[in-house]
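Please consult the sequence and the structure as each topic is taken up.

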Amino acid sequence: MPRPREQTRLVGHEAAEAAFVEALHSGRMHHAWLIGGPRGIGKATLAYRVARRLVADPRTLPQPDGLDVPPEHPVARQVAALSHPNLVALRRVQAPGAKSLPTRIPVEAARQALDLFAETAGGEGGYRVCIVDSADDLNANSANALLKMVEEPPPRALFLIVSHAPARLLPTIRSRCRKLMLRPLDEEQVEAVITEFPPPFIQPGLEDIARAAALGEGSVARTIAFLDSATAGVVREVRMLLANPHDPDWRRIMKLADTLSGRDADELFAAALDTLQRFLSSEIDRRKGEGAARLLGLVEASDRISEKAREAAIYNLDRRPLVLSLFTEAAGALRDI
């Protein structure tokens with residue numbers, strides 16, 4: 001699956017793209033944009049698309065009035081390699097010798113990335129661009145480091161802040177951003193994105209893509225996951241187990257816990273955790289008319305599940321008791337409403 005910085009075409013989100021084009025040509029480009037929405041719908045792809053346009057010399061572009069930068073353009077290659085001097089990506093990066101990605105973006109990484117703005121921008125556009133992908137991965141200190149820069153931005157600085165859960169970001173960061181909330185793609189758009197993936201991605205059959213897209217809820221990333229039969233099976237099992245919170249089938253939950261704690265089960269566990277959290281989120285959304293007090297238990301359970309998953313990743317804890325604990329949290333919250 002191509003990375004967002006390698007994608008030069010954006011499917012859907014025409015209104016969001018038009019907002020950037022209008023800001024660019026009006027000369028009133030806001031210094032910080034919060035690009036929110038579910039995972040895998042094109043938020044980071046849009047951010048890199050904007051960044052390519054703003055660090056490119058418009059005189060070298062065939063259509064300087066839009067955001068298109070041809071894939072063969074030198075800037076496109078530099079952005080794909082994260083080697084352009086006026087672009088920095090603030091993201092989780094695996095340290096040399098580490099076995100996995102960190103669960104958070106540390107403050108040292110944030111400070112190092114933001115050093116870009118202590119330098120003088122080069123090139124015709126003169127923009128320096130920081131893409132935060134994603135802001136949900138910032139810890140408290142790195143979020144505050146970003147906040148200080150967003151509060152007092154240097155001239156011609158642009159912050160493109162990607163978030164899967166914008167409501168959970170620091171209010172002080174949100175208040176300084178122009179907000180673009182992206183909606184999930186429709187199934188046809190998801191299929192179009194996947195069928196255009198270049199090699200080495202191995203294209204599945206069109207029927208397989210359509211079947212996965214029907215389950216993917218407008219997310220390319222989720223649809224790709226559903227193309228794997230093992231992942232699709234885990235997701236179906238989690239949904240079935242959550243459907244009856246008053247009488248959980250603990251034998252099946254134990255069997256699922258064994259599967260998710262096996263070797264090389266990281267992706268299966270991530271899919272199960274995502275499904276559980278999305279199930280709770282959908283319940284919160286479905287019942288939002290019932291009042292905040294009634295939904296408080298669901299919201300708190302969702303937060304505890306996220307925190308337990310983060311702690312397990314940090315300390316490399318056994319996933320068997322973790323999975324049992326997560327289902328206990330979810331079932332208890334669902335029973336109480």
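This is a predicted model: local features need pLDDT of at least 70, side-chain atom pairs count only at pLDDT 80 or more; totals for chains, interfaces and linings use all residues.

Where is L317 found? L317 lies in the loop between α13 (292–315) and α14 (319–335).

**The surface patch**

- I314, Y315 and L317 make a nonpolar surface patch of about 340 Å².
- L317 has a relative accessibility of 46%, and therefore counts as partly exposed.

**The sheet and its helices**

- Five strands form an open sheet in the order β2-β3-β4-β1-β5, and their pairing is parallel.
- The edges of this sheet are β2 (87–90) and β5 (178–181), each of which pairs on one side only.
- On average, neighbouring strands of the sheet are turned by 15° against each other, direction ignored.
- Strand β3 (residues 128–133) runs parallel to β2, and four bridges join the two.
- Within this pairing, A89 has I131 in β3 as its bridge partner.
- Helix α2 (residues 43–55) lies across β1 (32–36), β2, β3 and β4 (157–163), and runs at about 170° to β4.
- Helix α5 (residues 140–151) lies across β1, β3 and β4, and runs at about 140° to β4.

**The start of the chain**

- M1 is placed in the segment before α1 (14–26).
- The relative accessible area of M1 is 52%, so this residue is exposed.
- Leaving aside neighbours within four places in sequence, M1 is in contact with F197, F201, V220, A221 and I224.
- From C-alpha to C-alpha, M1 and R310 are 25 Å apart in space, while 309 residues separate them in sequence.

**Salt bridges**

- The whole structure holds 26 salt bridges.
- One of them joins R49 and E17, whose closest N and O atoms are 2.9 Å apart.
- This pair links distant parts of the chain, since R49 belongs to helix α2 and E17 to helix α1, 32 residues apart.
- R49 and E17 are both buried.
- The side chains of R59 and D57 also meet in a salt bridge, at 2.9 Å from N to O.
- R59 is exposed, with a relative accessible area of 63%, whereas D57 is buried, with a relative accessible area of 17%.
- E283 forms a salt bridge with R286, and the closest N and O atoms are 2.9 Å apart.
- E283 and R286 are separated by about one helical turn because they stand three residues apart in helix α12 (residues 266–286).
- Of these two partners, E283 is buried at a relative accessible area of 11%, whereas R286 is exposed at 56%.

- R222 is located in helix α9 (residues 220–226).
- Is R222 buried or exposed? With a relative accessibility of 9%, R222 counts as buried.
- Not counting residues up to four places away in sequence, R222 touches L215, G216, E217, R239, D274 and R278.

Key:
Residues are numbered from 1 along each chain as its sequence is written. Side-chain values use heavy atoms; hydrogens and water are left out. Patches are made of residues with over 30% relative accessible area and no salt bridge: like charges are joined within 9 Å, nonpolar side chains (Val, Leu, Ile, Met, Phe, Trp, Tyr) within 5 Å. Accessible areas come from the Shrake-Rupley method with a 1.4 Å probe; for residues, only the protein chains shown count as cover. A salt bridge is a side-chain nitrogen of Lys or Arg within 4 Å of a carboxyl oxygen of Asp or Glu. Buried means under 20% relative accessible area, exposed over 50%, partly exposed in between (1.4 Å probe, protein chains only). Two strands pair if DSSP finds at least two bridges between them. Axes are lines fitted to C-alpha atoms, for helices over the stretch in contact, and angles run from 0 to 180 degrees between N-to-C directions. Contact means heavy atoms within 4.5 Å.
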